[in-house]
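Here is a walk through a structure with more than one level to look at.

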Amino acid sequence: MGGQLRLQPRTEQKLVQLFMYLMTSIAVLVLVFILVVILRNGLPQLSLEFLTHNPADMGREGGILSTIVATIFLTFIALLVATPLGVGTAIYLTEYTVESRVTRIIRFGAECLAGIPSIIFGLFGFILFVNKLRFGWSILSGGLTLAFMVLPTIIRTSEEAIKAVPSAYRLVSFSLGSTRWQTVTRVVLPSAIPGIVTGVILSIGRSIGETAAVIFTAGSALRMPNSLFSSSRTMSVHFYILAKEGVSMPKAYGTAAVLVISILVINIVTYYLMEKYIKRKS
Amino acid sequence: MKQRGILVRDFSHYYGQTRSLNRINLDIYRNEILGIIGPAKSGKSTFLACLNRLNDLIPGSRVEGKILVDDQDIYGPEVDVVALRRKLGMVFATPVPLPLTIYENIVFGVRLLGNNNRRELDQVVEDSLEKAGLWTEVKDRLHTSALKLSGGQQQRLCIARVLALKPQYIMLDEPTSGLDPISTMKIEDSLRSLKKDYTIILVTNNTKQAARIADRTAFFMMGELVEIDETPVVFTRPSDKRTEAYLEGKFG
């Protein structure tokens, strides 16, 4: 019965291909659309002055230097804390334990953490770092909050990367008389680095773009941060305030353009370096 | 004349509830090539893993009985497993170069001991590759990736890497199973010449290989040692019907 409704294999193949092609195009088009809107409105705002001056008059005038610096510091602290914690957890889960109830609970916990909305992280950071630990609205509070937010990503990607290292490498390493730790540091991690770095890049992107978790914890002061305890405003928070309070749409677009371009540049540069690393290894 | 290096006494091994080796008794003499043959799942590879305790890495692995290597009970409480594994170097069925250069693969085990003296490492690399019959082929590209070598070269690299540990025993688990006849011949040649300095335990699926190079041959089946004797004896007048049947190709 169904047989009569069947298409010629070749026609079917063509249709499926067309369908896949359409789906892919839509995905790419969305990206292109976003980029075009941001860059068309934002690029005209960009100038050396925009990048090298602090905001003035609540952001109506001047540049965004202090917000760039704040973003860099915050992201740096987040990754400084989250990378060792995340990679360490991943090493523990993959190399130092056998699959058990405990590892499943840890993994489940990490996955739940990944599903929590960022604004809840903001609230958590506000209660713990800003209030309880008295770090105040500061780069430190914001950075630590971001660290917890990106931790699951780093654990997950590192774990996948470590698991993808052929088990034969470990066997060989042990058979040549290495301890577990030597196997991890000399064989497993070097092979897993591309995957781990991918997780770190994803986390950098998320940290740079994060607004909700940061606005509660790092504050929104416009002056140049001068210590870990300075309240400061990141680019994404700056964009949010400029746009939402209707301070200055052109400046908001300018900020957005800088954000988007820096994330693009980070991605391109790291993938380029990664390619070189992988080529050198094989 | 024949000195005993390894003594296996009533040795059994279990994976969880499954018994993979059943009360094995055998001696391995110094400077001999002991061939171990037998059908799949006969416990040959497990036996090797028990000798250098790589079986420790498998959850649920358990042993009974004794193995003495140079008079030391290797399952005793004060055994240094890392030192044991250096003493009994292991070459696996599939050549597994680590994703490093040829040079770094060879010195991997030496560096683990904290020796980073360039001149000594250079010497180790040359000696080991020379002994494994690979030096002339790779001496001009020591610092290129080991993954670029052919399968046969990779396996000789793995042998050289084991030699760099200065082991006393070399265990090979079907080292030529994936190789062409010429590479196989080269490896068999190296093993013959290595015999004077090392004791070699060769697990092989290829009975002819055992006939060619083993001094004595052990036949394993379903976790049991069926017989062990001088190679010509095993191949021409085996004392057990199962050995005869296996060698005639009736199963396995």
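This is a predicted model. Start in chain B, with its open sheet of four strands. The strand order is E2-E1-E4-E5, and the pairing is antiparallel. Strands of a sheet pair through backbone hydrogen bonds, either parallel or antiparallel. Now look at the edges. Strand E2 (18-29) and strand E5 (72-73) of chain B stand there. Each has a single partner strand, so one side of each is left without a neighbour in the sheet.

Next come the helix pairs. Two packed helices are described by the angle between their axes and the distance between the axes. Stay in chain B for the pair H3(B) and helix H6 (residues 151-163). Their axes are 7 Å apart, and the packing angle is about 35°. The crossing of H3(B) and H6(B) is right-handed. On the H3(B) side, the contact uses Ile102(B), Asn105(B), Ile106(B), Phe108(B) and Gly109(B). H6(B) meets them with Leu157(B), Ala160(B) and Arg161(B). By class, that contact has five nonpolar, two polar and one charged residues.

Chain A has a helix pair to set beside this one. Helix H4 (residues 65-96) and helix H9 (residues 180-209) of chain A have axes that come within 9 Å. They cross at roughly 140°, which makes H4(A) oblique to H9(A). This crossing is right-handed. Among the contact residues of H4(A) are Thr71(A), Leu74(A), Ala78(A), Val87(A) and Glu95(A). H9(A) contributes residues including Arg180(A), Val184(A), Val188(A), Ile196(A) and Ile208(A). By class, the contact of H4(A) with H9(A) has twelve nonpolar, five polar and two charged residues.

Finally, turn to the place where the chains touch. How many residues does each chain give to the contact? Chain B gives 20 residues and chain A gives 16 residues. On the chain B side, helix H2 (81-87) and helix H3 (102-112) are the elements that give two or more residues. That side of chain B has 13 nonpolar, four polar and three charged residues.

Definitions and conventions:
Residues numbered from 1 in each chain as written. Chains lettered and ligands numbered in written order. Predicted model: local features only at pLDDT ≥ 70, side-chain atom pairs only at ≥ 80, totals over all residues. Contact = placed C-beta atoms within 7 Å. Nonpolar A, V, L, I, M, F, W, Y, C, P; charged D, E, K, R; others polar. Axes fitted to C-alpha atoms, helices over the stretch in contact; angles between N-to-C directions. Parallel < 35°, antiparallel > 145°, perpendicular 65-115°, else oblique. Left-handed = near helix turned anticlockwise from the far one by under 90°. Pairing = 2+ DSSP bridges.
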